[in-house]
Amino acid sequence: MSISAENIRLIFGLKLKELRSEKKMSLARLSKLTGISKSYINEIENGKKYPKPEKIARFAEAFGVSYEYLVSLKLNKRLSPISDLIRSNVLTELPLDFFGVEPIDLLNLLSAAPIEFTAFVDALIQVGTGYNIRVESLYFSVLRSYQEMHDNYFHEIELAAKATRKKQFANNDKNNLAGNIRTVLETNFKYDIDDDGIKDAEDMQSVRYIFIEGKKPKLLLNVNLNDQQKLFILARELGISTMNLNPRNFTSSWIDTQSFSHVLNNFKAYYFAGAIIMDERIFTKELIDFSKKPTISPSDVLSLMNKSQCSAEPFMLRITNLVPRYFRNTQLFFTRYNEVVKEKSFKMTKILHGSGLKISAVPSLDIRACQRWATLNAFKILSAAQYDQPQCVICKVKFEENPDNYLVISIAQNMLPTKNMNSCTSVGFLINKRLIDKASFINDPSIPQHIVTRQWFIDQNMMVEDGVNKTTLLAQDHSTNQIKEGVRKIVESKS
C-alpha cells in the first residue's frame, strides 16, 4: 500500500520528537543548534510541515545521526507498531478531525504510553488485517457512535428542514408533499425526474434510484417503488440540494464508499428527509397523544405510520430522534434485520442504542436475545399474512437470566422493489420508571410477555447474523461489482 504525504510528515515529525526526547534537548536548544525557528520545528513535529533537504541535514548533524536515517520511514523498535498504524493509512481514513482530534495527537499519546499500550496497537492492527476489516465498516461504526452520543437528535438539521418547509411549502397544498418536493427539485434545482428510469435493466430491479450529475441532473426512479418510498427519495434529494451535501450517494446501494464525509452526508440527507416528512412539532404532538392511550394495538401503530407517509424504517428512526429529546427517555434501541425468504436467513443490518442503555460496541446476550426474538416473531407474523401488508408486533420481552424487561414494537414488511427480501425494524424501550410514567398503555394487559431462554438464542445462531457478517467477502465483492457494472451501463445510456 502506498503511503500518503501526510503520513510521511507524521513519521518524520514523530521521529524528530523521539530523537529530541532521547537527547533531552529542548525546542530552544534544537533551534539554536540548527538555526531553524522553534515554531517551524514545532510544526514539523506535529506533522504539519516537511523540511527541505538542507534543513534535514542540519537536524541530522544536531542529533548525530545520518541523513538517511532521518528520511527513512522506519521508527525504532519501541514505536514500530505506531509505524505500522501510520503505514496502514488508517489515521487518514478515520475521521479524527470530525471529533476534533489531530492524527499527531493520537500518535503523541501512543508514543508516551507504556509498552503494553503500544503492544495493544500492534495487536489491533493484526486483528484488523486478519479479519479484513474494511475502512467503510469503520466509517459506519464512527457514524453510529456519533448518533448515539447525540441520542440521534441533530438540531441543525431540524432547523434546515424547518427553514426549507417555511420557504418552499408555506403556500402549497399540505396534502401533496411529494408533488411539492418534486416541483421544487424540478424548478429550483433543474432536476429531470424519470419515474421509470431503470426499466431496461432487469438485473438492477433491486436498485431504487440512480442519480446522474449534470447541468440538468437526472434522477432515475424504479417504477416498482411505492408512494412512501418515492416521497422519501425525493425528500432526500431535496436535503442534498438544499444543504449542498457533497460527496453524495448516486444510487440506493452502497457500491462505493469514498470517505467519511460521504457516509455522513448520506446520513444527513436521510435525517433531513425524515424531518421534512414528519415535522418535529407535529410528530412530537402525535407521539405525546399516542402515549396517553390506555391501550395499544398493532393497528394503532400502523395507523400512525401510515399517517406519517413513511415506511417502517424512517418512521421508527424518527421515533428515536424525538423520544429521547421530548420524553427524556434515552434507554431505548433501534434495530433493522433483513430476511432472505428463500434461504430462511436473517441478518442485522442496522443498530442504534440510546445513551441511557450504556452498552458497549458488542451488546450483551440479554439485549441481543430480546432484539432477536421480537424480530423473528414479527417475520413469522408477516409470513402468515403472505407478505401482503406490513405487520406490527408489540410485546414485552426479557431474557431469562436478566431482570430487564423491554417493550418492543416491531414492523415487518417486504422490501420492494427487491424480491424475496423482507425487513423488520424495531424500537425497544427499557421498561423503567420514566416509561411507566409517560406511557399510559404500558400496563395494557393485551400486550404479551415473553421470556427468552439461552437455549432458544443458541438454536437460532445458524440462521441469524447479529454482528459479524458470515457472508464471505468474496461474495460481497461479486454482488457489489455486479451493481457497479449495472449502474455504469445505465448512466452511459442516459447521459
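Me: How many cavities of 30 Å³ or more does the count come to?
Reply: The model is predicted, so local features need pLDDT of at least 70 and side-chain atom pairs 80 or more, while totals for chains, interfaces and linings use all residues. Residues are numbered from 1 along each chain as its sequence is written, and side-chain values use heavy atoms, without hydrogens and water. A cavity is a set of points on a 1 Å grid over the protein atoms alone where a 1.4 Å probe fits but cannot get out. Counting those of 30 Å³ or more gives three.

Me: What is the volume of the largest cavity?
Reply: Volume here is the space filled by probe spheres set on the grid points. For the largest cavity it comes to about 280 Å³.

Me: Which residues of the lining are closest to the centre of the largest cavity?
Reply: Lining residues have an atom within 4 Å of a point. The largest cavity has 20 of them, and the closest to its centre are Leu-287, Phe-290, Val-323, Phe-429 and Phe-441.

Me: Which element gives the largest share of the lining of the largest cavity?
Reply: Helices (DSSP H or I, at least four residues) and strands (E, at least two) are numbered from the N terminus. Those that give two or more residues to this lining include helix 15 (280-291), helix 16 (298-308) and strand 8 (421-430). The largest share, four residues, comes from helix 17.

Me: Which element gives the most to the lining of the second largest cavity?
Reply: The second largest cavity holds about 80 Å³ of space. Among the residues that line it are Gln-147, Thr-320, Phe-333 and His-353. Two or more residues come from each of helix 10 (135-149), helix 17, strand 4 (332-340) and strand 5 (345-353). The most, three residues, come from strand 4.

Me: How are the planes of Tyr-146 and Phe-154 arranged? What is the pair called?
Reply: The structure holds 12 aromatic pairs, that is, Phe, Tyr or Trp (six-membered) rings with centres within 6.5 Å, called stacked under 30 degrees, edge-to-face over 60 and tilted for the rest. The centres of Tyr-146 and Phe-154 lie 5.2 Å apart and their planes stand at 35 degrees, so the pair is tilted.

Me: Are Tyr-146 and Phe-154 buried or exposed?
Reply: Buried means under 20% relative accessible area, exposed over 50%, and partly exposed in between (1.4 Å probe, protein chains only). Tyr-146 and Phe-154 also belong to one aromatic cluster with Phe-267 and Tyr-271. Both Tyr-146 and Phe-154 are buried.

How values were computed:
On a 1 Å grid over the protein atoms alone, a cavity is a set of points where a 1.4 Å probe fits but cannot get out, and a pocket is an open set with protein on both sides within 12 Å along at least five of seven lines; lining residues have an atom within 4 Å of a point.
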